[in-house]
Amino acid sequence: MEEKIKHLEFIQNVITRMNTNSFQLKGWMITIVSALLALYANSENVLYIFVAIAPVIIFWCLDAFYLKQEKLYRKLYQEIVNNNNVTLFDMNASKYEVCYCKVFWSKTIAGLYCTIAVLLILLGLFLKYQGCCIICNC
């Protein structure tokens, strides 16, 4: 029983590390986007706003990867708790299935990244056309 508890602690440490990585990615993304928006404010070059979309998408993909890994280890954890046939101290979570697309579009991360990407696109278009109506070119 003591070995099982230690095994669960190892898995919980991996889950915590994945969660920490995910949190740090969000911070880095916001920092980079803020820096690019500061460059725009300094130069008034709208290109910086459109360039800021790239880190949002890159960090969105990385965050989805870490969330997928976290879900895989949660499945391993649950299987050990349920006392199924798992070799003690086996940390291989690749035998479980988690759809990357579902994780990518999950509420927890898609809400943040999609909102920021859409706002950057709208802001860039607004500033590029300086508030003029895009449809009628007034």
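Before the first entry, a working definition: helices here are DSSP runs of H or I with at least four residues, numbered from the N terminus. I also note that this is a predicted model.

Entry one, helix 3. I looked up residues 53-81 and found a helix of 29 residues. From first C-alpha to last, helix 3 reaches 42 Å, close to the 42 Å expected at 1.5 Å a residue. Just after helix 3, I found N83 with a positive phi of about 65 degrees.

Entry two, a helix pair. How are helix 1 and helix 5 oriented to each other? I read an angle of about 5 degrees between helix 1 (residues 2-43) and helix 5 (residues 107-128), with the axes 12 Å apart. Angles under 35 degrees count as roughly parallel, so helix 1 and helix 5 are roughly parallel to each other. On the helix 1 side I listed L25, K26, M29, V33, L37 and Y40, and on the helix 5 side I109, L112, Y113, I116, L120, L123 and L127. Sorting the residues of this contact gave me twelve nonpolar, no polar and one charged.

The largest nonpolar core has 35 residues, and M29, V56, Y73, L76, Y113 and L120 have the most contacts inside it. Helix 1, helix 3, helix 4 (100-104) and helix 5 each supply at least two residues of this core.

Entry four, L120. Leaving out residues up to four places away in sequence, L120 touches V33, L37, I49, A52, I53 and V56. I also checked L120 against S94: they are 26 residues apart in sequence and 36 Å apart in space, C-alpha to C-alpha.

Key: Residues numbered from 1 in each chain as written. Predicted model: local features only at pLDDT ≥ 70, side-chain atom pairs only at ≥ 80, totals over all residues. Heavy atoms only, no water. Expected span 1.5 Å × (residues − 1). Axes fitted to C-alpha atoms, helices over the stretch in contact; angles between N-to-C directions. Parallel < 35°, antiparallel > 145°, perpendicular 65-115°, else oblique. Contact = heavy atoms within 4.5 Å. Nonpolar A, V, L, I, M, F, W, Y, C, P; charged D, E, K, R; others polar. Core = buried A, V, L, I, M, F, W, Y, C linked by side-chain atoms within 4.5 Å. Buried < 20%, exposed > 50% of the residue type's maximum accessible area, 1.4 Å probe, protein only.
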